[in-house]
Amino acid sequence: MKKFYSSIRGGAIQNANIIFLPNDKATADNILRSASELFSKANQNDVIITYLSGHGGVGYFCAYDQGLQYERLNMIINKSPARKVFIVDACHAGSWNASSVMTSKGEKLTGQQAL
């Protein structure tokens with residue numbers, strides 16, 4: 001994914017705007033810290049694409065060192081006015097409750113918005 005997004009076909013995103021946490025770098029703390037840093041810098045004209053790949057359970061992603069509940073990520077991403085795309089390639093990825101995601105104004109998404 002990093003290679004794709006830094007390519008011309010993927011938008012030629014500069015490496016400074018890509019956070020890549022492979023293997024043992026993908027700890028729960030590193031994921032949360034990186035998400036917080038990235039989402040806090042973004043404005044409403046930005047689009048943040050987050051791609052998590054690995055194992056998962058109902059309501060959580062398996063970081064390198066522990067389970068990372070999707071709700072912890074929600075608390076970070078909901079504060080940002082940026083447009084967001086989350087791709088989770090893990091078992092039970094569909095258990096991320098779309099109705100718990102909020103708009104940049106702190107309002108819960110409607111079913112249509114979640115789609």
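Which strand gives the most to the lining of the largest pocket? The strand is β1, with 7 residues. The sections below set this strand in its surroundings.

## Before you start

This is a predicted model, in which local features need pLDDT of at least 70 and side-chain atom pairs count only at pLDDT 80 or more, while totals for chains, interfaces and linings use all residues. Numbering starts from 1 along each chain as its sequence is written, and side-chain values use heavy atoms, with hydrogens and water left out.

## The overall plan

The protein has 4 helices and 5 strands. Here helices (H or I, at least four residues) and strands (E, at least two) are DSSP runs, numbered from the N terminus. Along the sequence, they follow the pattern α-α-β-β-β-β-α-β-α.

Of the 115 residues, 30% count as buried; buried means under 20% relative accessible area, exposed over 50%, and partly exposed in between, using a 1.4 Å probe and protein chains only. Among contacts (heavy atoms within 4.5 Å) with a separation of 6 or more, 58% come from residues 24 or more positions apart.

## The largest pocket

Rolling a probe the size of a water molecule over the atoms shows where empty space is left. The largest pocket holds about 1,000 Å³ of space, a volume being the space filled by probe spheres set on the points, which are joined across faces, edges and corners.

Its lining is made of 34 residues, and I19, F20, I49, T50 and Y51 lie nearest the centre. At least two lining residues come from each of α1 (2-6), α2 (28-41), β1 (47-53) and β3 (60-62). The lining divides into 24 nonpolar, 7 polar and 3 charged residues. In this grouping, Ala, Val, Leu, Ile, Met, Phe, Trp, Tyr, Cys and Pro are nonpolar, Asp, Glu, Lys and Arg are charged, and the others, Gly among them, are polar.

## The sheet and its helix

An open sheet of 3 strands has the order β2-β3-β4, with antiparallel pairing. Its edge strands, β2 (55-57) and β4 (67-69), each pair on one side only. From one strand to the next, the twist averages 30°. Two strands pair if DSSP finds at least two bridges between them, and β2 and β3 are joined by 3 bridges. H55 has C62 in β3 as its bridge partner.

Helix α3 (residues 70-77) lies across β3 and β4, running at about 50° to β4. Axes are lines fitted to C-alpha atoms, for helices over the stretch in contact, and angles run from 0 to 180 degrees between N-to-C directions.

## Residues to look up

S53 sits in strand β1. Why does S53 count as partly exposed? Because its relative accessibility is 45%. Leaving aside neighbours within four places in sequence, S53 is in contact with F61 and D89. S53 and A63 are 10 residues apart in sequence and 9.4 Å apart in space, C-alpha to C-alpha.

The loop between α1 and α2 holds A12 and also N23. Phi is positive in A12, near 50°, and in N23, near 45°. A12 is partly exposed, at 44% relative accessibility, whereas N23 is exposed, at 64%.

How values were computed. On a 1 Å grid over the protein atoms alone, a cavity is a set of points where a 1.4 Å probe fits but cannot get out, and a pocket is an open set with protein on both sides within 12 Å along at least five of seven lines; lining residues have an atom within 4 Å of a point.
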